[in-house]
Amino acid sequence: MINFQKFTLDNGLRVIVHQDKSTPLVAVNSLYDVGARDENPAQTGFAHLFEHLMFGGSVNIPDFDNELQRVGGENNAFTSNDITNYYITLPKNNLETAFWLESDRMLSLAFSEKSLEVQRNVVIEEFKQSYLNKPYGDVWLLLKPLAYKVHPYLWSTIGKELSHIENATMADVRAFFKKHYCPNNAILVVAGDVEVEQIKTLTEKWFGSIPKGEEYKRNLPIEPPQKAPRTQTVERDVPYDNIYKAYHICARTDKEFYATDLLSEVLSHGNSAPLYIELVKNKKLFTDIGAYLSGDIDKGLFVISGKLVKGVSMEQAEQGIQDEINKIKKEKVAENILTKAKNQMEATLEFSEMSVLNKAMNLANAELLGDAALINKETENYLKVTTEEIYEQANIIFNENNCSTLYYLAKKN
């Protein structure tokens with residue numbers, strides 16, 4: 001059970017406080033409700049670009065990292081389809097430094113041509129190194145637009161193409177910042193050995209005067225149901241053939257999510273899971289295979305991906321996957337198998353709540369999904385799932401008309 005208190009400033013900033021007296025460190029997590037799905041289809045990669053720009057200095061603080069390191073703090077950030085998340089950990093005695101830094105870049109980020117050019121080049125280099133020149137790096141650049149046709153999940157957080165970041169103007173960047181990086185579009189979580197009244201005072205002092213932004217109403221196109229199989233075959237300079245099968249699933253806030261997540265756990269977690277036992281160990285079709293969810297807030301993907309053993313044909317490998325899918329569609333999972341999956345999930349959730357930083361992030365995500373109190377219901381929601389619900393989701397999801405398959409072939413020498 002994670003105890004917390006929350007309050008909202010007049011400018012709309014939601015603040016959550018979790019007291020943990022067991023650690024001298026405090027985590028300050030700033031979640032902005034903006035991700036790749038909020039971008040203009042002709043200007044993608046902006047949320048990720050801002051992940052970098054937010055460290056490029058503000059009007060009053062030219063070097064964000066330097067100021068934090070001077071007080072023994074660390075920080076980083078990440079972008080997803082749905083959010084941009086910035087986090088700081090520092091000794092509790094220096095907590096106010098985090099408030100000073102975070103509030104200053106929310107209020108007055110430095111929009112200098114130099115900073116934009118530096119961060120633009122960093123992102124372009126990352127695009128090339130991690131997505132274009134890295135083995136299997138372009139998988140999601142291919143799989144997403146295969147699976148999605150209208151919803152903005154069809155592009156990756158890095159963006160659709162390099163030109164969108166290369167051509168980003170200062171006016172474009174300023175407009176994106178003004179629209180999304182305001183107090184009423186953010187959730188601030190402070191976790192550690194702190195007092196609620198202390199955090200109320202600090203939050204009001206540093207964030208209270210920041211003007212509220214215009215209300216952003218998300219109105220994204222809804223992805224229509226997929227009614228026929230989609231396939232794409234590519235050849236790349238990689239050592240092994242790979243296959244990626246992506247099935248459309250429910251949204252993160254749907255009640256079916258927990259059964260869907262446990263279905264992936266049942267299929268692929270550990271060396272006793274059917275995908276490993278049958279396709280790696282017994283039939284020796286794959287050297288490695290797994291099943292996982294994309295983890296998106298809107299309707300996401302259930303992905304089965306595997307690396308083929310050399311000499312195994314794509315047809316053999318895909319049939320092996322289909323055989324395992326047919327089994328789980330035909331017969332309900334045994335109670336003991338489901339219990340094991342639930343135990344694994346419970347352990348994962350407990351482990352994710354060991355550090356103050358993870359607790360801060362989890363609280364922010366729960367609040368974004370509707371209410372921070374959801375954090376204390378996650379385990380219960382998984383434990384309530386029945387074998388009947390797993391069976392039902394398997395039969396809904398694993399339909400070839402609902403599947404986009406990427407055949408990723410190693411170039412023949």
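**Aromatic pairs and a helix crossing**

In this predicted model, the count of aromatic pairs comes to 21.

**Exercise 1.** Classify the aromatic pair formed by F177 and Y181, and decide whether F177 is buried or exposed.

*Solution.* Begin with the geometry: the ring centres of F177 and Y181 lie 5.5 Å apart, with 5 degrees between the planes. Planes under 30 degrees apart count as stacked, and the pair of F177 and Y181 is accordingly stacked. Turn next to accessibility, where buried means under 20% relative accessible area; F177 counts as buried because its relative accessibility is 8%, and Y181, with a relative accessible area of 2%, is buried as well.

**Exercise 2.** Classify the aromatic pair formed by F257 and Y258.

*Solution.* The centres are 5.5 Å apart, and the planes stand at 85 degrees to each other. Since planes over 60 degrees apart count as edge-to-face, the pair of F257 and Y258 is edge-to-face. Both F257 and Y258 are buried.

**Exercise 3.** Describe how helix α3 and helix α8 cross, and state which kinds of residue make the contact.

*Solution.* First locate the elements: α3 spans residues 95–108 and α8 spans residues 196–207, and their axes come within 9 Å, crossing at roughly 35 degrees. The crossing is right-handed. Then list contributors, among them L95, F99 and W100 of α3 and I199, L202 and W206 of α8. Sorted by type, the residues of the contact comprise eight nonpolar, three polar and three charged.

Notes
Residues are numbered from 1 along each chain as its sequence is written. This is a predicted model: local features need pLDDT of at least 70, side-chain atom pairs count only at pLDDT 80 or more; totals for chains, interfaces and linings use all residues. Side-chain values use heavy atoms; hydrogens and water are left out. Axes are lines fitted to C-alpha atoms, for helices over the stretch in contact, and angles run from 0 to 180 degrees between N-to-C directions. Helices (H or I, at least four residues) and strands (E, at least two) are DSSP runs, numbered from the N terminus. A crossing is left-handed if the near helix is turned anticlockwise from the far one by less than a right angle, and right-handed if clockwise. Contact means heavy atoms within 4.5 Å. Ala, Val, Leu, Ile, Met, Phe, Trp, Tyr, Cys and Pro count as nonpolar, Asp, Glu, Lys and Arg as charged, and the others, Gly among them, as polar. Rings of Phe, Tyr and Trp (its six-membered ring) pair if their centres lie within 6.5 Å; planes under 30 degrees apart count as stacked, over 60 as edge-to-face and the rest as tilted. Buried means under 20% relative accessible area, exposed over 50%, partly exposed in between (1.4 Å probe, protein chains only).
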